[in-house]
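Student: I would like to learn how to read a few features of a protein model. Could you take me through them one at a time?

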Amino acid sequence: MSGIPEPEEFRDRARRWLAGVARPRAADGEWGSGSDSVAVFDNWTEEQEREHTARVQEWERTRYDQGWSAFNWPREYGGRGLPAYYEQLYRAEEAAFDVPHRPEIFPVTQALVAPAIGLWGTEEQKRRWLVPLLRTDELACQLFSETEAGSDLAAVRTKAVRDGDGWVLTGHKVWTSGARVATWGVAVCRTDPDVRKHAGITVFLVRMDAPGVTVRPIRQMTGGTSFNEVYLDGVRVPDTDRLGPVGEGWRVTLSVLAAERLDSGGLGLDNADRALDLAGHLSRPLTGAERQRAADLHIRTLVQRLMGLRVTAALVAGREPGAEASVGKLYATETMRRTSDLVSELLGPSLVADTGEWGTYAWTEHLLGAPGYSIAGGTDEIQRTILAERVLGLPKEPVR
């Protein structure tokens with residue numbers, strides 16, 4: 001394809017390509033048929049996670065090899081040099097086809113880690129990593145969060161000590177999605193404890209099968225193990241696997257987090273729509289309060305989709321949508337909360353007693369999982385701080 005196609009032309013071509021490689025998604029059946037899962041986080045065993053990951057990788061390789069992936073990347077990396085929002089145009093078309101659901105490690109690999117390497121990596125690192133990550137031959141997880149640091153990512157304690165032509169990493173990371181299937185982990189480490197905390201950080205790419213790396217699943221309230229804790233016990237990393245300059249890791253980390261928030265604006269919309277369907281299929285009339293709550297949630301879904309368009313508009317204009325991304329993240333987590341509130345009011349005791357009735361007890365997975373997104377990708381408090389400082393111009397808290 002030469003030049004940049006018009007959006008409608010691009011969508012038409014995407015639709016025709018998808019029709020040749022995938023089946024159209026079956027139209028939703030009548031209420032009460034099919035899966036009633038509304039889980040926020042995937043509740044897989046390790047075997048299930050590996051099997052599903054392999055299916056998604058096969059699909060992503062098909063996309064990449066046939067020119068329907070990595071749209072905004074240069075051609076030397078298998079891309080097409082299109083504006084970033086063409087990925088969203090493609091996703092809108094792909095949603096109508098029966099293709100594998102992408103778990104979190106895929107957007108982390110393709111939309112967070114690969115761009116960070118594109119921005120901060122050396123030419124050798126770009127040649128080495130970008131195509132395998134964009135094609136998903138290799139997958140990457142984030143080794144960011146730590147129990148002691150909480151929401152203050154700059155307070156990481158995992159140490160990286162220089163040793164000859166490499167580094168030795170020691171520490172403990174938590175809440176890592178996809179650690180069991182990842183090839184690489186992007187680790188935020190403390191390399192200088194004697195300077196202010198934001199200045200003493202360096203980022204490394206760590207082989208997840210390296211000696212000293214131990215992955216342990218974390219059992220969730222919903223019963224699954226989507227997350228993991230990762231122990232780094234004297235893990236040796238060559239300096240060639242350092243991403244960005246020594247001591248500049250905070251800036252590298254921020255570039256990953258900014259991309260993560262861009263991808264969070266659509267959170268919870270599918271489940272909000274399902275909750276509104278539930279309201280329309282109850283065997284009893286809604287109370288006045290229930291009707292009001294359902295109407296409010298419906299309006300929120302419309303506003304949230306408009307916010308997604310604002311993020312797209314910022315990308316089209318060549319701007320990094322920092323404030324828009326933070327507002328979208330905050331709004332999305334509140335939509336998830338209000339979805340929980342509506343469902344709790346509609347179902348009452350049917351929510352907590354497994355009677356086998358379709359579309360009732362399944363909602364427990366949403367209620368137990370949704371609060372986690374007020375922490376993931378930067379807590380609600382962090383988003384409000386960003387807006388206070390960058391939009392309202394309020395003074396920053398002094399660095400300690």
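The dialogue below goes through a helix, some salt bridges and a surface patch.

Tutor: Keep in mind that this is a predicted model, in which local features need pLDDT of at least 70 and side-chain atom pairs count only at pLDDT 80 or more, while totals for chains, interfaces and linings use all residues. Residues are numbered from 1 along each chain as its sequence is written, and side-chain values use heavy atoms, with hydrogens and water left out.

Student: Where does the kink in helix 4 lie?

Tutor: The bend at a residue is the angle between axes fitted to the seven residues ending there and the seven starting there, and helices are DSSP runs (H or I, at least four residues) numbered from the N terminus. In helix 4, which spans residues 105-120, a kink of about 30° lies at Val-113, shortly before the proline Pro-115.

Student: How many residues of helix 4 are buried?

Tutor: Buried means under 20% relative accessible area, exposed over 50%, and partly exposed in between, with a 1.4 Å probe and protein chains only. Twelve of the 16 residues of helix 4 are buried, so by this definition the helix is mostly covered; among them are Phe-106, Leu-112, Val-113 and Trp-120.

Student: How many salt bridges does the rule give, and with which residue does Asp-12 form one?

Tutor: A salt bridge is a side-chain nitrogen of Lys or Arg within 4 Å of a carboxyl oxygen of Asp or Glu, and by this rule the count comes to 29. Asp-12 pairs with Arg-16, their closest N and O atoms being 3.1 Å apart. An α-helix has 3.6 residues a turn, so residues three or four places apart point the same way. Asp-12 and Arg-16 both lie in helix 1 (residues 7-21), four residues apart, about one turn of the helix. Asp-12 is partly exposed at 32% relative accessibility, whereas Arg-16 is exposed at 53%. Both also belong to a network of salt bridges that links Arg-11, Asp-12, Arg-15, Arg-16 and Glu-93.

Student: Which residues make the nonpolar surface patch?

Tutor: Patches are made of residues with over 30% relative accessible area and no salt bridge, like charges being joined within 9 Å and nonpolar side chains (Val, Leu, Ile, Met, Phe, Trp, Tyr) within 5 Å; accessible areas come from the Shrake-Rupley method with a 1.4 Å probe, and for residues only the protein chains shown count as cover. Here Val-391, Leu-392 and Leu-394 make a nonpolar patch of about 300 Å². Leu-392, found in the segment after helix 11 (380-390), is exposed with a relative accessible area of 62%.

Methods:
Helices (H or I, at least four residues) and strands (E, at least two) are DSSP runs, numbered from the N terminus.
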